[in-house]
Amino acid sequence: MKAEDFEEFYREVHGYDPFPWQSNLVNEVLRHGTWPSLLDAPTGLGKTSILDVAVFLLALGAEGDAGQIARRRIFFVVGRRLVVDQAEAHA
């Protein structure tokens, strides 16, 4: 697996393509070796799917391609209960 496989991975999980910013995030995290401190995107543009990015990078890390970026624990911090419930269902 490699970074370019993210779109296929996402498509298999959800049945549709990721937003371009989600694919770009995978490449940015791999390029810089760190996650952004904040993701600010409008409602409905797939912020919850950052969980998919994290799982994908975890899989890359299992193959050695993601180095120290992949983590076993994923924290998704939001200030609204409805979003928390949706994120749990998504995960």
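Phenylalanine 56 has a relative accessible area of 0% and is therefore buried. In this predicted model, Phe56 belongs to a cluster of linked ring pairs and to the largest nonpolar core. The chain has a mean pLDDT of 81, with 77% of its residues at 70 or more.

**Aromatic pairs**

- Five aromatic pairs are found in a search of the whole structure.
- One of them joins phenylalanine 6 and phenylalanine 56 edge-to-face, with 5.3 Å centre to centre and 75° between the planes.
- Phenylalanine 6 sits in helix H1 (residues 6–14) and phenylalanine 56 in helix H3, so this pair ties together parts that are 50 residues apart in sequence.
- Phenylalanine 6 and phenylalanine 56 are both buried.
- Phenylalanine 9 also pairs with phenylalanine 56: the ring centres are 5.4 Å apart and the planes are at 45°, so the pair counts as tilted.
- This second pair again runs from helix H1 to helix H3, and so ties together parts that are 47 residues apart in sequence.
- Phenylalanine 9 counts as partly exposed because its relative accessibility is 23%, and the buried range ends under 20%.
- The cluster linked by ring pairs consists of Phe6, Phe9, Tyr10, Tyr16 and Phe56.

**Nonpolar core**

- The largest nonpolar core has eleven residues: Ala3, Phe6, Tyr10, Leu25, Val26, Val29, Ile50, Val53, Phe56, Leu57 and Leu60.
- Two or more residues of this core come from each of H1, helix H2 (20–32) and H3.
- H3 gives the largest share of the core, five residues.
- Valine 26, one of the core residues, touches Ala3, Phe6, Val53, Phe56 and Leu57 when residues up to four places away in sequence are not counted.

- Glutamine 22 is found in helix H2.
- With a relative accessible area of 0%, glutamine 22 is buried.
- Residues up to four places away in sequence aside, glutamine 22 touches Phe6, Tyr10, Leu45, Gly46, Ser49 and Val53.
- Aspartate 52 is found in helix H3.
- Aspartate 52 is buried but has no salt bridge; arginine 11, the nearest side chain of opposite charge, is 13 Å away.
- Not counting residues up to four places away in sequence, aspartate 52 touches Phe6, Phe9, Tyr10, Val13, His14 and His90.

**Alanine 54**

- Alanine 54 is found in helix H3, which spans residues 50–62.
- Its relative accessibility is 11%, so alanine 54 counts as buried.
- Apart from neighbours within four places in sequence, alanine 54 is in contact with Trp35 and Ile74.
- Alanine 54 and isoleucine 74 are 20 residues apart along the chain, and their C-alpha atoms are separated by 7.2 Å.

**Confidence by element**

- Among the elements of the chain, H1 has the highest mean pLDDT, at 95.
- Helix H4 (residues 81–90) has the lowest, at 71.
- His90, a contact of aspartate 52, falls at the end of the residue range of helix H4.

Methods:
Residues numbered from 1 in each chain as written. Predicted model: local features only at pLDDT ≥ 70, side-chain atom pairs only at ≥ 80, totals over all residues. Heavy atoms only, no water. Helix = DSSP H or I, 4+ residues; strand = E, 2+ residues; numbered from the N terminus. Buried < 20%, exposed > 50% of the residue type's maximum accessible area, 1.4 Å probe, protein only. Contact = heavy atoms within 4.5 Å. Phe/Tyr/Trp six-rings, centres within 6.5 Å; stacked < 30°, edge-to-face > 60°. Core = buried A, V, L, I, M, F, W, Y, C linked by side-chain atoms within 4.5 Å. pLDDT = per-residue confidence, 0-100. Lys, Arg positive; Asp, Glu negative; His and termini not counted. Salt bridge = Lys/Arg side-chain N within 4 Å of Asp/Glu carboxyl O.
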